[in-house]
Amino acid sequence: DLLETQPTESDPQVSEQELHPLLRLSALPLPKDGSGQQRMQKDLQSQLKFVKAIQDIEIPDSVKPLQSIRDETEEGTKEVEITVESLADDFAKEEVVGIRGRIRRKDGAEAAQVEEEKWHPLKLAPRMVGRYVAVNTAKD
């Protein structure tokens, strides 16, 4: 029934007076000629016919309406479950600040800087004098 190309009397009809306001509301250009308008009317009529066919489907009361599309299997539920372990990286990007213990989130640069602070490049120097690196130079 949906694949029929010949319109029947029960099919919704779209007139020129209905088509033009719909095109303006959807910010689409008006057709340049009569054949373009007829094509648009035919497309809109077939879309309306499809929607009407969907609305006419009998659905038993035992079937609940679809509210969202998601994986409701046990594995899918575990995958999207929020746990302390899944938030460990986010908790590592927070620090307690001030007397009242306000939580402050470090941005990406600060979090990277904390990792860099654990590395002390001067400890790799072969010779130190105080807190300075000593370099051997040859005199001519």
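Tutor: First, a term: a patch is made of residues with over 30% relative accessible area and no salt bridge, where like charges are joined within 9 Å and nonpolar side chains (Val, Leu, Ile, Met, Phe, Trp, Tyr) within 5 Å. A salt bridge is a side-chain nitrogen of Lys or Arg within 4 Å of a carboxyl oxygen of Asp or Glu. Accessible areas come from the Shrake-Rupley method with a 1.4 Å probe, and for residues only the protein chains shown count as cover.
Student: OK, which residues form a nonpolar patch on the surface?
Tutor: Phe50, Val51, Ile54, Ile57, Ile59 and Val63 do, and together they have about 560 Å² of accessible area.
Student: Before we go on, where do these numbers come from?
Tutor: This is a predicted model, so local features need pLDDT of at least 70 and side-chain atom pairs count only at pLDDT 80 or more, while totals for chains, interfaces and linings use all residues. Residues are numbered from 1 along each chain as its sequence is written, and side-chain values use heavy atoms, with hydrogens and water left out.
Student: Zooming out, how many helices and strands does the protein chain have?
Tutor: Five helices and four strands. Going from the N terminus, the order is α-α-α-α-β-β-α-β-β.
Student: How much of the chain counts as buried?
Tutor: Of its 140 residues, 11% do. The chain exposes about 13,300 Å², with carbon and sulfur atoms supplying 55% of that.
Student: What about contacts between residues at least 6 apart in sequence?
Tutor: Of those, 28% join residues at least 24 apart. Contact here means heavy atoms within 4.5 Å.
Student: Let's do helix H1. Which residues are buried there?
Tutor: Leu19, His20 and Leu23 are buried in H1. They cover an arc of only 95° around the axis, which puts them on the same side of H1. That arc is taken from the directions from the helix axis to the C-beta atoms.
Student: What do the buried residues of H1 pack against?
Tutor: They pack against H2. Take His20: at 18% relative accessibility it counts as buried, and it touches Leu30 and Gln37, not counting residues up to four places away in sequence.
Student: What happens just after H1?
Tutor: Ala27 takes a positive phi of about 60° there.
Student: New topic: how do E1 and E2 run?
Tutor: E1 and E2 run antiparallel, and four bridges join them. Two strands pair if DSSP finds at least two bridges between them. One example is Val96, whose bridge partner in E2 is Ile103.
Student: How many salt bridges does a search of the whole structure find?
Tutor: Five. One of them joins the side chains of Glu94 and Arg105 (3.3 Å, N to O). Glu94 lies in strand E1 (residues 94-97) and Arg105 in strand E2 (residues 102-105), so the pair ties together parts that are 11 residues apart in sequence.
Student: Which residue does Glu95 form a salt bridge with?
Tutor: With Arg104, the closest N and O atoms being 2.9 Å apart. Glu95 counts as partly exposed at 27% relative accessibility, and Arg104 counts as partly exposed at 35%.
Student: And Arg70?
Tutor: Arg70 forms a salt bridge with Glu72, with the closest N and O atoms 3.3 Å apart. Arg70 counts as exposed at 59% relative accessibility, and Glu72 counts as exposed at 58%.

Methods: Helices (H or I, at least four residues) and strands (E, at least two) are DSSP runs, numbered from the N terminus. Buried means under 20% relative accessible area, exposed over 50%, partly exposed in between (1.4 Å probe, protein chains only).
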